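Let's take a friendly walk through this structure, moving from one side-chain contact to the next. Keep the 3D view open as you read.

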Amino acid sequence: GADIFDVGVQAGDFSPTALHEAVDTPGRNELVVQAFCENIGHHNIPVNASGVTFAVDSYHADHLADWYNHAGIVARAVHYRLSEEEIEERLRDFERGNIQMLTTCMKLSEGWDSPRVQVLVMARPTLSHPLYMQQLGRALRSHEGKESILLIDCADNSSRLRIPCNLHRLVQLPLHRDYQQIFGPGSVREAVQLRLEGREIEGYEEVDLFDPRDYWTLEEVAER
């Protein structure tokens, strides 16, 4: 991974410019793609599984797409520097199975759902739990033949006071499970119980993570 120990914080998350400089490097980008290639075909994830990789910014998304294509994975970037027509064309190709991996920054973090997504690669370190949950939700739509998802959290060297979000921290798992099943089918409630165990929390409401109608936008999360 990268060294993000000295990356500053801006508006509650890592500074975008400093984060880009720290993580958009050939060595880390190659490791991100390698992690994907080494883990598809296992864990009930087919070798042709479709996925989304979340990058720091549009340039990072472009660079990651280049590395995926170099590794034989058909990939395209989706970001604000493309026209709406180009974006729609790439999303259609993804739905048709002509593109295996989409790389993006914020463009697909909310408001877009595809049941084809079975792999998520979190290549953008973030301190924002709402953003992490929005990105995680991109893979939680049910689909015929979709028994599980593969989530790859890209670990970097960080300050103990600024550890990026990851699934283990989000649900406070007591032990790290490297490339192992975290939750079985239908056990999202188990994650919620782990998160709330031993705490007195008022005013929360139960949602179905597999139902897009229960998703919140980042603005809605802030208002709640």
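Start with the side chain of H79, which makes a polar contact with the side chain of D62 at 2.9 Å. Please keep in mind that this is a predicted model. H79 itself sits in the loop between β4 (75-78) and α4 (84-96). Is H79 buried or exposed? With a relative accessible area of 2%, H79 is buried, because the cut-off for that class is under 20%. Leaving aside residues up to four places away in sequence, H79 touches S58, A61, D62, I87, C105 and K107.

D62 has another partner to look at. R81 forms a salt bridge with D62, and their closest N and O atoms are 2.5 Å apart. If you now turn to the ring of Y59, you will find R81 over its face, at 4.1 Å from the ring centre.

How many salt bridges does a search of the whole structure find? The search finds 5, and two further examples are worth a visit. In one of them, D93 pairs with R96, with 3.5 Å between the closest N and O atoms. Both D93 and R96 lie in helix α4, 3 residues apart, which is about one turn of the helix. R96 is exposed, with a relative accessible area of 57%.

The other example joins D113 to R138, whose closest N and O atoms are 2.9 Å apart. This pair links distant parts of the chain: D113 lies in the loop between β5 (101-104) and β6 (117-122), and R138 in the loop between α5 (129-136) and β7 (150-153), 25 residues apart. Here the two partners fall into separate classes: D113 is partly exposed at 25% relative accessibility, whereas R138 is buried, with a relative accessible area of 1%.

While you are in this region, have a look at α5. S128 caps the N-terminal end of α5, with a side-chain oxygen 3.1 Å from the backbone nitrogen of L131.

Finally, turn to the aromatic rings. The structure holds 2 aromatic pairs. F36 and Y68 make an edge-to-face pair, with 5.6 Å from centre to centre and 85° between the planes. That pair links distant parts of the chain, as F36 is in helix α2 (residues 26-39) and Y68 in helix α3, 32 residues apart. F36 is buried, with a relative accessible area of 0%, and Y68 is likewise buried at 0%.

F94 and W112 form an aromatic pair as well, and this one is tilted: the centres are 6.1 Å apart and the angle between the planes is 55°. Again, distant parts of the chain are linked, with F94 in helix α4 and W112 in the loop between β5 and β6, 18 residues apart. Both F94 and W112 are buried.

Methods. Residues are numbered from 1 along each chain as its sequence is written. This is a predicted model: local features need pLDDT of at least 70, side-chain atom pairs count only at pLDDT 80 or more; totals for chains, interfaces and linings use all residues. Side-chain values use heavy atoms; hydrogens and water are left out. Helices (H or I, at least four residues) and strands (E, at least two) are DSSP runs, numbered from the N terminus. Buried means under 20% relative accessible area, exposed over 50%, partly exposed in between (1.4 Å probe, protein chains only). A polar contact is a pair of N or O atoms within 3.5 Å; within protein, one must be able to donate a hydrogen and the other to accept it, and residues adjacent in sequence count only if both atoms are side-chain atoms. Contact means heavy atoms within 4.5 Å. A salt bridge is a side-chain nitrogen of Lys or Arg within 4 Å of a carboxyl oxygen of Asp or Glu. Rings of Phe, Tyr and Trp (its six-membered ring) pair if their centres lie within 6.5 Å; planes under 30 degrees apart count as stacked, over 60 as edge-to-face and the rest as tilted. A charge sits over a ring if NZ of Lys or CZ of Arg is within 6 Å of the ring centre and within 35 degrees of the ring normal.
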